[in-house]
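Let's take a friendly walk through a protein model. Have the sequence and the 3D view ready, and look up each residue as we reach it.

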Amino acid sequence: EDIVITVADKPVALAGVMGGASTEIDNNSKNVVLEAAVFDGKSIRKTSSRLNLRSESSSRFEKGINNDTVLEALDFAAAMLQELANGTVLTGRVQAGSVDTEPVQVSTSLDYVNVRLGTELTFADIEDVFAKLGFGLTGDADKFTVSVPRRRWDISIQADLVEEIARIYGYEKLPTTLPEAAGTAGELTETQALRRKVRTIAEGAGLTEIISYALTTPEKAVEFAVTPSNLTELMWPMTVDRSALRQNMVSGMLDTVAYNVNRKNSNVAIYEIGKVFEQKGNPKEELPNEINTFAFAISGLVAEKDFQTKATPVDFFYAKGIVEAIFDKLEVSVDYVATKDLASMHPGRTAAIVLDGQTIGFLGQVHPQTAKNYGIPETYVAEINLSAVEDALQPDQPFVEITKFPAVSRDIALLLKAEITHQEVLDAIYSAGVKRLVAVKLFDVYAGEKLGAGMKSMAYSLTFQNPNDNLTDEEVAKYMEKITKALTEKVEAEVR
């Protein structure tokens with residue numbers, strides 16, 4: 001990425017930074033070739049910084065060169081050699097490439113200027129300012145365009161013109177009033193509102209917020225990532241433990257759990273809202289995607305033992321209850337699917353959180369071997385992609401008056417194969433398309449020798465309600481018949 005000047009394919013100078021020894025001028029030099037060039041300031045700065053080589057040349061190019069006077073400077077240098085050193089200037093000039101010397105056109109309006117400066121300038125005042133600067137000016141008070149010479153490469157936008165007008169007009173003449181800009185009503189962005197809502201729910205569930213490092217080890221960076229991507233590593237990390245951007249938050253939280261457990265604080269319930277970093281491209285060329293994420297970790301006891309209460313340890317369903325509470329409050333419907341894909345999670349106590357067919361997180365127990373590596377007891381964790389949740393949020397629902405008509409409940413007990421899940425039963429019930437069905441609750445599960453091997457019983461309470469009228473027994477009977485048929489066809493259930 002460095003520009004090199006060559007003669008006969010041999011390098012003689014690092015352009016804009018340093019010349020070579022073979023082309024250096026000394027007391028014996030007779031023939032001199034003058035070069036006037038314009039190099040890209042960013043490129044020169046990068047070359048100079050990378051090689052730690054600062055020079056008068058690099059300093060000038062970094063600040064910018066006046067395109068207008070490049071040829072004038074070349075002629076002036078030749079004239080000085082002739083006058084001061086008795087040199088002979090030969091005719092002719094070789095030119096490679098070209099530089100744009102046309103003035104830059106920048107437009108604004110008188111109103112824009114006066115609002116920013118708090119002044120009451122007239123268009124005549126504006127004409128006077130740019131006449132003093134030697135800039136071309138066309139237009140009127142509603143919209144005028146300034147032709148900015150290339151020698152002023154610092155002027156390219158409206159604000160730059162306002163700055164020049166204030167400078168020439170006189171800072172001491174500016175009134176001591178605030179700029180007359182209309183105020184805007186402040187409000188939270190959707191992301192900020194979601195973070196606050198999730199934070200409230202999490203703290204209501206008894207979790208305490210922490211903030212952990214976004215940098216970690218390369219191994220921990222991808223340890224709990226659902227879909228690991230390319231690592232984004234620091235070129236000069238302060239320590240190996242903080243050398244790569246995290247792709248998950250759980251590993252950092254487990255370090256916090258270990259820190260607490262080592263200090264006899266065994267009942268830990270913590271959460272974090274932050275960013276994880278997904279790198280799909282080349283880390284050296286592209287910036288990673290930042291994904292808003294929520295994660296929590298719980299370990300120890302939910303309730304301490306005393307004379308009338310048994311000690312209650314945390315378990316999978318306690319952790320799942322927190323996740324369900326979050327999605328219920330956000331009114332987002334997700335599915336929980338058992339998974340064994342995460343090597344650092346317990347293969348029998350881990351579920352993927354699925355939203356509209358996309359996995360947006362996971363929930364479960366940390367694998368016993370992983371927990372041992374971290375030096376922590378049995379711990380349950382969850383991680384949720386808040387960016388995906390934000391996309392799925394529905395607009396706020398208008399208030400619906402509470403119906404004055406009573407609800408009707410019916411219980412149904414099903415004999416099912418042991419491998420049939422609760423979610424499959426729910427899907428079958430809702431597939432019947434009963435509009436008056438407003439709630440389904442599982443209240444009993446039984447498996448024993450009386451039912452036979454590989455069988456289980458599940459009992460559900462179904463609630464029906466018509467917001468506009470009373471339900472009759474005949475209507476409810478029809479609803480139950482449709483649901484029973486769907487259960488028989490979808491999950492081969494036998495109604496007991």
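## Salt bridges

The structure holds 18 salt bridges, and this is a predicted model. Let's look at some of them. In one, the side chains of Arg54 and Glu62 come together, with N and O 2.6 Å apart. Arg54 counts as exposed because its relative accessibility is 53%, and the cut-off for that label is over 50%.

Another salt bridge links Glu164 with Arg167, and here the closest N and O atoms are 2.7 Å apart. Where do Glu164 and Arg167 sit along helix H6? They are three residues apart in this helix (residues 158-169), so about one helical turn separates them. Is Glu164 buried or exposed? At 5% relative accessibility, Glu164 counts as buried, because buried means under 20%. Arg167, at 40%, counts as partly exposed.

## One more pair, and a network

Now find Lys280, which forms a salt bridge with Glu278; their closest N and O atoms are 3.6 Å apart. Lys280 has 56% relative accessibility and counts as exposed, while Glu278 is partly exposed, with a relative accessible area of 21%.

Salt bridges can also share partners: in this way Arg152, Asp154, Glu164 and Arg167 are joined into one network.

## A nonpolar patch on the surface

Next, turn to the surface. Which residues form a nonpolar patch there? They are Ile25, Val32, Leu34 and Leu81, and together they have about 330 Å² of accessible area.

You can find Leu81 in helix H3, which covers residues 70-85. With 37% relative accessibility, Leu81 counts as partly exposed.

## A sheet and its helix

Finally, look for an open sheet of four strands, in the order E19-E20-E18-E21, with antiparallel pairing. Which strands stand at the edges? They are E19 (437-446) and E21 (494-495); each has a single partner strand, so one side of each is left without a neighbour in the sheet.

Within this sheet, strand E18 (residues 408-417) pairs with strand E20 (residues 455-464) in the antiparallel sense, over 10 bridges. To see the pairing at the level of residues, find Leu416: its bridge partner in E20 is Lys456. Helix H14 (residues 473-491) packs on the sheet and touches E18, E19, E20 and E21. The direction of H14 makes about 15° with that of E18.

Technical notes:
Residues are numbered from 1 along each chain as its sequence is written. This is a predicted model: local features need pLDDT of at least 70, side-chain atom pairs count only at pLDDT 80 or more; totals for chains, interfaces and linings use all residues. Side-chain values use heavy atoms; hydrogens and water are left out. A salt bridge is a side-chain nitrogen of Lys or Arg within 4 Å of a carboxyl oxygen of Asp or Glu. Buried means under 20% relative accessible area, exposed over 50%, partly exposed in between (1.4 Å probe, protein chains only). Helices (H or I, at least four residues) and strands (E, at least two) are DSSP runs, numbered from the N terminus. Patches are made of residues with over 30% relative accessible area and no salt bridge: like charges are joined within 9 Å, nonpolar side chains (Val, Leu, Ile, Met, Phe, Trp, Tyr) within 5 Å. Accessible areas come from the Shrake-Rupley method with a 1.4 Å probe; for residues, only the protein chains shown count as cover. Two strands pair if DSSP finds at least two bridges between them. Contact means heavy atoms within 4.5 Å. Axes are lines fitted to C-alpha atoms, for helices over the stretch in contact, and angles run from 0 to 180 degrees between N-to-C directions.
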